[in-house]
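Here are a few friendly notes to read alongside the model. Please keep the viewer open as you go.

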Amino acid sequence: MRKLLLSLVLIVGLLAGCGESTVEKVEGDAGQEKQEKQKQEVFKVGDSVKFDDLKITLTKVRKAKSDFMTPQNDQIIAVELQIENTSDKPQNVSSLLQMKLVDPDGRSYDMTITGNERGSLDGEIGPGRKMTGEIAFDVEKADYYEFVFEDPFTTGQAIWKIENKDIK
């Protein structure tokens, strides 16, 4: 299993390196203006987003506890999503490759396994079918978090802002 996961991460890394990035120096107000034009829309808890052939809704966020581990950081939060396949072909979802949580300082938190997640967000979703589940993150306390959903094989992200008041 570990070799399979390592191979998958290596393949994703190689494919991600296939695209070209544009790097420009940012200077003064002109650079700030350019950054503001490039800002991406950020959604809130409860919003639905069409991401390629998936309709993704971040339904709720809760504090979670683990059955078998002590948090390495301040708390564990579980993010619940409902993902619907709107296409006529099966779609695959991977919480490990497509989902992360980011704090205001830009620190990214990967998923953790608590044993208390309600449903899974991994696997194939058939045409017209839905998947509902949670993904947990062991995080430091912050003013807010951003949940990021992306496809490692394409560009673009769907981002939801999670305020502390949203965490139940």
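The points below go from the whole chain to a sheet and then to some aromatic side chains.

1. This is a predicted model, in which local features need pLDDT of at least 70, side-chain atom pairs count only at pLDDT 80 or more, and totals for chains, interfaces and linings use all residues. Numbering starts from 1 along each chain as its sequence is written, and side-chain values use heavy atoms, leaving out hydrogens and water.

2. The protein chain has three helices and twelve strands (DSSP runs numbered from the N terminus: H or I of at least four residues, E of at least two). Of its 168 residues, 35% are buried, meaning under 20% relative accessible area with a 1.4 Å probe, protein chains only.

3. An open, mixed sheet has the strand order β1-β12-β11-β6-β7, where pairing requires at least two DSSP bridges between two strands. At its edges are β1 (42–44) and β7 (108–109). β1 runs parallel to β12 (residues 157–163), joined by three bridges; F43 has W160 as its bridge partner there.

4. Which residues do ring pairs link into a cluster? They are F43, F137, F147 and W160 (Phe, Tyr or six-membered Trp ring centres within 6.5 Å; planes under 30 degrees apart are stacked, over 60 edge-to-face, the rest tilted).

5. The F137 and F147 ring centres are 6.3 Å apart with planes at 70°, so this pair is edge-to-face. Both residues are buried. For F147 and W160, the centres lie 6.0 Å apart and the planes at 50°, so that pair is tilted. It links strand β11 to strand β12, 13 residues apart. W160 is buried, at 0% relative accessibility.

Definitions and conventions. Buried < 20%, exposed > 50% of the residue type's maximum accessible area, 1.4 Å probe, protein only.
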